Amino acid sequence: MANLRFAVTVRRFIPFLGYHHVLMILIALAIILLSLLLAGCSSSSPMIPDIFLISMWYEKYTPTYSPEQVDPGVTQAISNIVGAAQLGVRVGYFGICINGDGGAWVCSNNATALAQRVSIDQDPLNLIWVASTFKDAVVFPYLIIVAIVLAFVTFVLLATFPGWHEERDPRSGSEVDVKPFPSRPVSQVALALIFIASIFVLVSVLWQHTASVAAATVAQDLGNGAVKAGIGTSAMVLGWFGFVLLIVVTIGLLVMILSIIVLDRLTDND
């Protein structure tokens, strides 16, 4: 009996779940993903240090030799300087995380405070300073921030769309479910805002990906044989998924507006 009541409740609710409600859910998911992306390495909370743009750490490995290297022997000098250092550094949009002993990550937006927590033996090549330079000079989070604001405004505009309500049919006298068309100007403004937000996220994610790959490659080549670097998979996934969700909402709004225009013309012809 309980399952039957639940099924009946769901059937009654689904028809009142409007098209714009689905778009609102997608926008909310995109805002959550992009917010998590910006929050990466901003605190030592669980999972937050795992969201990073670039990671660098000391590790002894067989160096790469090339005829393009003027002084291949520098790798041995770097290896002697690094010694037994094991520090790892991760960079996010607003913070840096370090791990010097294989334990928990320590995160802060103040690189100076992090540098004061470690000794010269732990960071002989100043990876914390390199990470801070990357964060301050290369990373640009403000396009994503603007995109989140625009997406939220679009969410609010979609919330103003009319939903299902009951009206009395003058012919039959019975109650019928009616859903009016949303305001066309409001729909167009929402489409413009979400489109701009999508473009901002696309530019930011491309920038993030290109800059992270370039910085990781250069850092590892400079520390050939002693330093390794990589890009954050979680950050890339969050950025691209956020972009895809916003594009889906943009296409959904465009289809809705065009459908309403076609229906209006058909109604006028009738």
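The following exercises, each with a worked solution, concern a predicted model.

Residues are numbered from 1 along each chain as its sequence is written. In this predicted model, local features need pLDDT of at least 70, side-chain atom pairs count only at pLDDT 80 or more, totals for chains, interfaces and linings use all residues, and side-chain values use heavy atoms, with hydrogens and water left out.

**Exercise 1. State how many helices and strands the protein chain holds, and what share of its residues is buried.**

Solution. Step one: helices (H or I, at least four residues) and strands (E, at least two) are DSSP runs, numbered from the N terminus. The protein chain has eight helices and seven strands.

Step two: buried means under 20% relative accessible area, exposed over 50%, and partly exposed in between (1.4 Å probe, protein chains only). Of the 270 residues of the protein chain, 39% count as buried.

**Exercise 2. Describe the aromatic pairs that involve Phe140, and state which residues form one aromatic cluster.**

Solution. Step one: a pair of aromatic rings is described by the distance of the centres and the angle of the planes. Rings of Phe, Tyr and Trp (its six-membered ring) pair if their centres lie within 6.5 Å; planes under 30 degrees apart count as stacked, over 60 as edge-to-face and the rest as tilted.

Step two: the structure holds three aromatic pairs. One of them joins Phe140 and Tyr142, with 5.2 Å centre to centre and 75° between the planes, and is edge-to-face.

Step three: the centres of the Phe140 and Trp207 rings are 5.5 Å apart and their planes are at 10°, so this pair is stacked. Phe140 lies in the loop between helix H5 (127-137) and helix H6 (142-159), whereas Trp207 lies in helix H7 (residues 184-222), so the pair ties together parts that are 67 residues apart in sequence.

Step four: Phe140, Tyr142 and Trp207 form one aromatic cluster. Phe140 is partly exposed at 35% relative accessibility, Tyr142 is partly exposed at 48%, and Trp207 is partly exposed at 41%.

**Exercise 3. Determine whether Ser198 is buried or exposed, and identify its contacts.**

Solution. Step one: Ser198 is found in helix H7. Its relative accessibility is 0%, so Ser198 counts as buried.

Step two: contact means heavy atoms within 4.5 Å. Not counting residues up to four places away in sequence, Ser198 touches Phe243, Leu246, Ile247 and Thr250.

Step three: a polar contact is a pair of N or O atoms within 3.5 Å; within protein, one must be able to donate a hydrogen and the other to accept it, and residues adjacent in sequence count only if both atoms are side-chain atoms. The side chains of Ser198 and Thr250 make such a contact at 3.3 Å.

**Exercise 4. Name the residues that touch the most other members of the largest nonpolar core.**

Solution. Step one: a nonpolar core is a set of buried Ala, Val, Leu, Ile, Met, Phe, Trp, Tyr and Cys residues joined through side-chain atoms within 4.5 Å.

Step two: the largest such core has 63 residues, of which Val89, Ile128, Leu246 and Leu253 touch the most other members.
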